[in-house]
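These are my notebook entries on a structure that I opened for the first time. I record what I looked up, topic by topic.

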Protein chains: 2
Amino acid sequence: MSKSNGTGNGRILVVDDEPNIADVISIALRYNDFEVETAADGASALQAVAEFRPQLIVLDVMLPDLDGFEVARRLRERAEDVPILFLTAKDTTEDKVRGLTLGGDDYVTKPFSVEELLARIATVLRRFGRAGGEASVLRFADLELDDETREVHRDGAAIELTDTEYRLLRYLMSHPRRVLTRGQILDHVWEYDFAGDARVLETYVSYLRKKLEAHGPRLIQTVRGVGYALRVPSS
Amino acid sequence: MSKSNGTGNGRILVVDDEPNIADVISIALRYNDFEVETAADGASALQAVAEFRPQLIVLDVMLPDLDGFEVARRLRERAEDVPILFLTAKDTTEDKVRGLTLGGDDYVTKPFSVEELLARIATVLRRFGRAGGEASVLRFADLELDDETREVHRDGAAIELTDTEYRLLRYLMSHPRRVLTRGQILDHVWEYDFAGDARVLETYVSYLRKKLEAHGPRLIQTVRGVGYALRVPSS
DNA sequence: ACCGCGGCTCAGAATCAGCTGAGAGACCGT
DNA sequence: ACGGTCTCTCAGCTGATTCTGAGCCGCGGT
């Protein structure tokens with residue numbers, strides 16, 4: 001999941017005309033062992049698909065030349081069946097977005113959180129049986145989190161989580177035992193433009209603990225002055 | 001980590017306009033076998049990156065010309081993906097700094113302790129798989145300290161340490177057998193502007209000993225009139 | 001063996017980080 | 001529009017951590 005040795009997890013093309021966003025995404029993806037290329041408009045996206053042959057495209061629907069849907073249409077015309085994860089503004093009309101999920105494609109609304117993006121990418125890749133589509137279940141101790149069904153179990157018992165709780169737990173579970181700083185957690189679990197009070201994190205840790213500890217000992221350990229870590233209590 | 005044999009550990013560019021700070025950092029880094037260059041403002045930093053090709057940049061966000069974030073932005077624009085460790089004042093609003101940990105970049109707030117800085121540098125380099133990114137585990141006798149999980153074990157047993165205890169032990173373990181003077185220890189483990197009673201050190205040595213000696217013989221030896229050393233008791 | 005300095009340890013004060021409950025406001029589906 | 005759910009803010013509380021101080025101990029030199 002994190003060892004970087006050349007070839008990596010798969011090739012992903014990121015298409016967005018806002019450099020900041022394209023950066024955030026490529027950095028996060030590279031860090032997760034994908035090979036990444038970027039394009040800033042529809043025309044170069046089409047060209048990059050031909051040359052780079054990505055296994056997935058992250059495609060902003062809002063581009064300076066062609067819009068994302070048009071890019072997708074032209075790809076399909078050429079019988080390119082590479083899956084697409086669309087990035088849409090929150091106010092994109094529903095009917096434009098609907099239909100995307102029919103083809104196995106999917107979409108994420110801006111602003112998104114990195115965890116959400118990664119989870120969606122994994123889902124799409126899995127659906128298409130491509131490289132990078134690893135097993136959908138994360139496990140730690142007696143905890144189990146299934147990305148496909150979004151179900152969480154502890155010690156056999158189902159646990160209902162809200163969206164944010166789920167993303168937080170998923171991030172922790174994808175880095176078991178490692179101490180994650182508040183900054184890292186906020187960056188990955190909250191939307192990339194979140195600028196509020198960093199103390200939300202504590203609130204959500206508290207929520208998660210309450211739900212998880214109904215079925216066993218504390219697994220989310222606080223590391224004072226640093227952050228949190230998933231650990232089986234040593235004593 | 002400390003043997004000096006010419007080539008060194010990697011190249012680091014230190015950018016800070018306060019000469020004292022830049023000095024403290026460069027000296028510490030050189031002592032740890034890094035090749036170091038310094039720059040005092042954003043413009044010369046950008047130039048130094050091009051010429052010196054550092055593997056990491058320690059970058060104060062408060063610079064006389066461009067601020068650190070701007071320097072970073074321009075580097076990314078040029079597709080320079082050298083990792084950056086930002087130095088920020090304590091009152092820098094969190095949200096300006098966040099987003100950094102996405103790219104594997106990180107930040108340390110002033111005033112920091114040298115040990116903390118070194119630990120962060122090691123983490124970032126490890127994350128980028130560059131030279132200097134050694135294993136995250138320090139070992140001495142039956143002691144084991146893992147920087148990534150922040151776990152300390154002696155003879156298999158987990159040991160809970162507070163922040164200061166951890167930094168102190170880490171410093172001792174990164175210079176095994178060597179006698180470290182009180183001055184050196186205070187300079188490395190406490191924040192560089194620490195002005196309190198130097199006897200805190202004794203208190204913390206005492207705390208550490210108590211925790212470590214629950215699982216084996218004394219490893220932190222007193223060298224009267226000088227300081228302390230990590231040694232396996234000869235007798 | 002004794003003395004004095006340096007070091008050790010303990011107890012307590014002050015500070016600080018993190019936990020949690022309550023509640024406002026946004027958002028969703030009906 | 002309504003009720004429920006979710007997210008985020010706020011503030012008081014609690015317990016941990018850091019540092020100080022004082023008294024005791026013991027090493028090492030004479």
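How many bridges join strand 7 of chain B to strand 8 of chain B, and do these strands run parallel or antiparallel? I found 4 bridges between strand 7 and strand 8 (residues 151-154) of chain B, and the two run antiparallel. I note at the outset that the model is predicted.

**Entry 1: the strands of chain B**

I looked up one bridge between these two strands and found that B:Leu145 has B:Val152 in strand 8 of chain B as its partner. The hairpin formed by strand 7 and strand 8 of chain B has 4 residues between the strands, and B:Arg150 takes a positive phi near 65° there.

I then turned to strand 6 (residues 137-140) of chain B, which is antiparallel to strand 7 of chain B and joined to it by 4 bridges. Here I noted that B:Val137 is bridged to B:Asp146 in strand 7 of chain B. Strand 6 and strand 7 of chain B also form a hairpin, with 2 residues between them. In its turn, B:Ala141 has a positive phi of about 50°.

Next I checked the side chains along strand 7 (residues 143-146) of chain B. B:Leu143 and B:Leu145 point to one face and are buried.

**Entry 2: a helix pair in chain A**

I looked up how helix 5 (residues 114-127) and helix 6 (residues 163-173) of chain A pack. Their axes lie 10 Å apart, at an angle of about 75°. Helix 5 and helix 6 of chain A are therefore roughly perpendicular to each other. In this contact, A:Glu115, A:Glu116 and A:Ala119 of helix 5 meet A:Arg167, A:Arg170 and A:Tyr171 of helix 6. By class, I recorded 2 nonpolar, no polar and 4 charged residues in the contact of these helices.

**Entry 3: chain A against chain B**

The contact takes 24 residues from chain A and 16 residues from chain B. On the side of chain A that touches chain B, helix 1 (19-31) and helix 7 (182-189) of chain A each supply at least two residues. Helix 1 of chain A gives the most, with 5 residues. I recorded this side of chain A as 13 nonpolar, 6 polar and 5 charged residues.

Key. Residues are numbered from 1 along each chain as its sequence is written. Chains are lettered from A and ligands numbered from 1 in the order in which they are written. This is a predicted model: local features need pLDDT of at least 70, side-chain atom pairs count only at pLDDT 80 or more; totals for chains, interfaces and linings use all residues. A residue is buried if 20 or more other C-beta atoms lie within 10 Å of its own, exposed if 12 or fewer, and partly exposed in between; C-beta atoms are placed from the backbone. Two strands pair if DSSP finds at least two bridges between them. Axes are lines fitted to C-alpha atoms, for helices over the stretch in contact, and angles run from 0 to 180 degrees between N-to-C directions. Angles under 35 degrees count as roughly parallel, over 145 as roughly antiparallel, 65 to 115 as roughly perpendicular and the rest as oblique. Two residues are in contact if their C-beta atoms, placed from the backbone, lie within 7 Å. Ala, Val, Leu, Ile, Met, Phe, Trp, Tyr, Cys and Pro count as nonpolar, Asp, Glu, Lys and Arg as charged, and the others, Gly among them, as polar.
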